[in-house]
Amino acid sequence: MGYIVPIGPYHPSLEEPIHARLYTEGELIKDAEIFIGYNHRGIEKLAMQKNIIQTLVLVERVCGICSHSHAMTFAMAVENAGGIKPTKKGEYMRVITAELERLHSHYLWLGIALHIIGHDSLFMHSWDDREAIMDILEDLTGNRVNYGMVTIGGARRDISAEQAHRTLEMLDKIEESNKVLCDFLLNDKTVALRTQGVGVLTTEEAIELGAIGPHARASNVPIDVRIDAPYSSYDDFDFKKCVWPSGDVFARVVVRVLENFESIKIIRQALDSMPSGPINKGNSIPVVKPGEYMNMHEAPRGQLSYKVVTNGTDKVQRVSIHVPTFKNAPTIPTMLRGNSVADAGLIIASIDPCFSCMDR
Amino acid sequence: MQYYKKIPITKDQIVPTAERMRKDGVILAMIHGYLTEDGKPNISYEYQLGETIESYTIEGENELPSIAYIYSKAAEWPEREINELIGVTFTGLDVSKRLFLPESMLSGQGQIFVTPMEELIKNTQKH
């Protein structure tokens, strides 16, 4: 006999507010539907009333985890629409912050996934490492979230030699720790039993449904905006795309752990070759000539896109924000089918969702 | 470097363009919509071809064909969102339920982008 099992929008094993309806036969999920929209804040509508600098501050509040990604992508779209070229040093600071953000986001997700799996010692291990990254973000920007690092034309804060030294020290520690984490995750029986073959999204399904970011790369789809369509100063750094073929929850874990090594590599290169010159072009409210532009950024969860329409005033006529979860969430029902109800929370969390981001 | 190329198209070219892109394995990065200053809907289909975003844009049309059957969910959700925000309808798209705005908001009918801010604030206070 079949039952409909509702999960969420508020549930202990869910990372974020989403309502999932599971159509089950016994423990088996035969089909599923998802419902979103529990955290719509009208940010795009509100942005139409604000000037560009106020909007920059506003969009940084779309998300508490990838806040810098939002500010950076909005700034790039405004700069491209208005023909403004940011300073080279400012671009390097943006990339350093973006990669530190990716690191702390991946560690955050790994911790949550491991907690759902029931491996709480490893959850604490990864969140301990995350704290070291958060400390450096606070050191560089003054904040643990909503860093306020970006301004139109560059970055707001420079980095001192001491701060660069502390950052490199932290990276050394994290790299060693990530090697241990990586080795453990690849070889641990508990992790394997709970993740291998669970919530599979095949390469064909990922392409068909339009999955992006680490979620797609874990299904062997080699897409990464930083390499496919480089922006800011990503062209200057040597790093690679991390893909894994199995398409299950295990692959999503592995891809993120491997990406941590690449982020560390990028930050080291940026600190070693930091350009001289000004960090930004001043802090006045810019008046941007009429135009429109769409920019993409590889945020921690995948491709983030901002479309901006400017009208020659100090405001933007339209800011259209689309976050990775908007592309990845529709893959959830496909991943749930054929799995057990007990794994539903883990499978939903495995896309590293940010439904609050998506609802805006 | 990321490039952005705007290409104006007509309503009849939407489906053939989507079919050609899908056949060539091109990613539909997003469908965006906004109202121009004189109130006309501007809808753009953003395809990601290497370093360039090709933005196929159509202006002043309130009814467009859906490409959800070509690009699956990558097109369905953006189309539903545009329908909720600015009221453009997509032929063949199921909009019997709202995607992310509450069903109770503006009686489930109004679009947030065409509703004045004052009315939205009044509506919020009611709930």
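1. Basis. The model is predicted: local features need pLDDT of at least 70, side-chain atom pairs count only at pLDDT 80 or more, and totals for chains, interfaces and linings use all residues. Residues are numbered from 1 along each chain as its sequence is written, while chains are lettered from A and ligands numbered from 1 in the order in which they are written.

2. Domains. Chain A splits into domain 1 (1-40) and domain 2 (41-342). These bounds come from an automatic or database domain assignment. Taken over C-alpha atoms, the centres of the two domains of chain A are 27 Å apart.

3. Sheet. In chain A, 3 strands make an open, antiparallel sheet in the order 1-2-3. Strands (E, at least two residues) and helices (H or I, at least four) are DSSP runs, numbered from the N terminus. Strands pair if DSSP finds at least two bridges between them. Strand 1 (2-7) and strand 3 (28-35) of chain A are the edges; each has a single partner strand, so one side of each lacks a neighbour in the sheet. From one strand to the next, the twist averages 20°.

4. Strand pairing. Strand 2 (residues 19-25) of chain A runs antiparallel to strand 3 of chain A, with 7 bridges. Opposite Glu33(A) in strand 3 stands Arg21(A).

5. Domain contact. In chain A, 16 residues of domain 1 touch 13 residues of domain 2; contact requires C-beta atoms, placed from the backbone, within 7 Å. On the domain 1 side, strand 2 and strand 3 of chain A each supply at least two residues. Strand 3 of chain A gives the largest share of that side, 7 residues. By class, the domain 1 side has 7 nonpolar, 4 polar and 5 charged residues. Nonpolar means Ala, Val, Leu, Ile, Met, Phe, Trp, Tyr, Cys and Pro; charged means Asp, Glu, Lys and Arg; the others, Gly among them, are polar.

6. Helix pair. The axes of helix 2 (residues 52-59) and helix 3 (residues 67-82) of chain A come within 8 Å and cross at roughly 150°. That makes helix 2 of chain A roughly antiparallel to helix 3 of chain A (angles over 145 degrees count as such). Residues of helix 2 in the contact include Leu56(A), and those of helix 3 include Phe74(A). The contact has 7 nonpolar, 2 polar and no charged residues.

7. Chain contact. Chain A places 30 residues in contact with 27 residues of chain B. The chain A side has 11 nonpolar, 12 polar and 7 charged residues.

How values were computed. Axes are lines fitted to C-alpha atoms, for helices over the stretch in contact, and angles run from 0 to 180 degrees between N-to-C directions. Two residues are in contact if their C-beta atoms, placed from the backbone, lie within 7 Å. Angles under 35 degrees count as roughly parallel, over 145 as roughly antiparallel, 65 to 115 as roughly perpendicular and the rest as oblique.
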